[in-house]
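Dear colleague,

Please find below the sequence and structure that I am handing over to you. My notes on what was found follow directly after it.

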Amino acid sequence: MAASAGPVLSREEVDRALARLGAERDAVESALLSLQDHPGLRLLDGAGLTGRTQERWAVVGQGLPLLWGLFDRYSEALASARAVRARKARPGGPELAELSELLTGDAVTVPGGAPEGPQRLGAPARLVERVSLDELMDRMDSWYATVLEVVSAADAVWTALPARIDLLIAELRRVQTLAASLGVRSGTHPLGDDLEALDADLDRLRTEVRADPLALWRPARVPAQRGTVPDGGAQGLPSGVVDTERFDRAGRALDGVRQELENLLRLRDDAEERLQGVGDLLQRADATLAEARRARGEVLAKIAATEVPAVPGPASALRERIVLALDLRQNGQWYRLAPLLDALEDAAAKELARARQSLTEVTQPLAVRAELRGRLDAYKAMAARLRVAEDPEVLERYEKARWLLWSAPCDLRAAAGAVARFQQALRPAPGEPGAGAGTAERGGPGSGSGAAGYGSAGYGGGAVQDRIERDGIGRGGAAAGGEPADGQAVDGRVQGG
């Protein structure tokens with residue numbers, strides 16, 4: 001045997017080296033047995049691989065047989081060293097030199113098929129080469145890490161995704177059945193097209209998971225390229241995550257479709273009640289418009305010189321859309337009924353609001369007349385409290401205002417002026433406390449100023465006149481009612497008071 005290229009080991013160093021190498025040999029054997037029974041390895045050996053997984057496994061798949069071959073060489077070399085050590089209890093110089101060569105020198109012959117080095121998996125192999133036990137262990141560690149990385153990554157993908165994809169596909173089938181019951185089909189509704197696209201995408205994803213699992217693996221570091229071996233110990237596990245982005249995206253899309261279909265299902269259950277609600281709103285709108293037309297005739301008959309707005313007719317186009325909605329419900333076309341029913345409910349509510357607004361506008365003159373009547377009665381009661389109700393001028397102005405308000409047609413401008421003049425005529429009776437010189441003449445400085453202020457504050461004398469001016473009620477003014485020319489000045493007084 002050739003002399004050792006390194007220093008000769010002592011007996012103690014030889015014993016320690018044999019113990020260490022023996023422990024490493026046992027660890028490698030245990031790891032290889034575990035790898036051989038790895039479920040990922042069995043799946044890779046039996047699967048029809050494609051894509052990236054096929055490319056990597058074509059190189060890495062030869063690693064396990066090679067590992068066992070290297071392990072056998074390692075075990076044989078270690079057994080030879082143990083045999084030399086067992087010759088003598090206290091080996092001499094020749095034995096120690098031989099042991100040093102076996103344990104530290106390039107004493108292990110590796111036959112053809114072994115790569116040049118752990119960094120050149122795809123390089124041409126030598127027919128025979130000699131390496132040390134430590135170099136052989138490094139080579140086994142590198143090969144083991146490479147094989148384990150691919151096997152564990154593939155197993156992680158196969159463990160995480162196929163069952164989840166099958167569950168999602170089962171849920172997809174349930175949603176498709178629900179869609180068919182609602183009349184949602186591919187080519188007729190966007191939700192049907194979405195379901196068909198999801199079905200195809202999940203089928204492609206399931207096929208890819210089975211045939212190319214490494215395409216869905218995201219390592220925490222850059223994986224080994226083809227023809228190279230990464231660094232790592234024999235027990236090192238690959239780090240990374242399964243790429244579930246496409247699966248998660250499909251799940252979210254399916255959830256969105258299911259929610260929309262469940263909305264259609266609720267619509268199917270509530271459609272009759274909601275259509276009945278739309279019909280009720282239209283009936284109320286029609287009744288309100290009928291009331292507005294009746295009130296318009298009454299206003300034209302009872303209020304003089306008044307511009308009364310026309311009452312709109314019923315919404316016939318809206319009723320045609322209700323007939324269409326009933327047909328869609330009868331035929332089960334819920335996806336078409338959903339937006340139409342939402343629009344009908346909004347339109348019916350607006351139609352009722354339009355009818356109410358029309359009734360309010362039409363009856364405005366009657367409301368003004370009723371307010372003037374109420375004010376006249378209130379001023380009459382105030383005249384009684386002031387003990388001027390029997391005053392001839394007060395009585396005359398009251399009768400004039402009453403005649404204007406209770407005659408038909410009623411001139412609102414003239415009536416408002418008459419009510420204002422009746423209010424101005426109120427004053428305390430002669431001899432009552434508070435009756436001063438200023439009250440002797442009705443046109444004096446104190447003529448009804450307190451009463452006018454009371455009426456203005458308590459009954460809003462100017463508010464009625466403002467509404468008459470703003471709404472154009474009783475156009476034609478005092479002249480239309482035969483009032484004297486000074487009525488214009490009186491109207492101005494009412495506006496201000």
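Helix H4 (residues 63-85) contains both tryptophan 68 and phenylalanine 71, which are three residues apart, about one turn of the helix. Please bear in mind throughout that this is a predicted model. The ring centres of tryptophan 68 and phenylalanine 71 lie 5.8 Å apart with the planes at 90 degrees, so this pair is edge-to-face. Phenylalanine 71 has a relative accessible area of 3% and is therefore buried, the cut-off being under 20%.

The structure holds two aromatic pairs.

Tryptophan 406 deserves a separate mention. Arginine 373 lies over the face of its ring, at 4.5 Å from the ring centre. Arginine 402 also lies over the face of tryptophan 406, at 5.2 Å from the ring centre.

In soluble globular proteins, nonpolar side chains tend to be buried together. Here the largest nonpolar core comprises 89 residues, and the members that touch the most others are Leu103, Leu261 and Leu264. The greatest contribution to this core comes from helix H6 (residues 133-160), with 14 residues.

Which residues does leucine 261 contact, leaving aside its neighbours within four places in sequence? They are Val175, Leu178, Ala179, Leu182, Val184, Leu191 and Leu195.

Finally, two points concern the backbone. Alanine 408 and proline 409 are joined by a cis peptide bond, with omega at about -5 degrees. Proline 409 is located in the loop between helix H13 (392-406) and helix H14 (412-425). Arginine 387, a residue other than glycine, has a positive phi, near 60 degrees. Arginine 387 is found in the loop between helix H12 (364-385) and H13. With a relative accessibility of 59%, arginine 387 counts as exposed, because the cut-off is over 50%.

With kind regards

Definitions and conventions: Residues are numbered from 1 along each chain as its sequence is written. This is a predicted model: local features need pLDDT of at least 70, side-chain atom pairs count only at pLDDT 80 or more; totals for chains, interfaces and linings use all residues. Side-chain values use heavy atoms; hydrogens and water are left out. A nonpolar core is a set of buried Ala, Val, Leu, Ile, Met, Phe, Trp, Tyr and Cys residues joined through side-chain atoms within 4.5 Å. Buried means under 20% relative accessible area, exposed over 50%, partly exposed in between (1.4 Å probe, protein chains only). Helices (H or I, at least four residues) and strands (E, at least two) are DSSP runs, numbered from the N terminus. Contact means heavy atoms within 4.5 Å. Rings of Phe, Tyr and Trp (its six-membered ring) pair if their centres lie within 6.5 Å; planes under 30 degrees apart count as stacked, over 60 as edge-to-face and the rest as tilted. A charge sits over a ring if NZ of Lys or CZ of Arg is within 6 Å of the ring centre and within 35 degrees of the ring normal.
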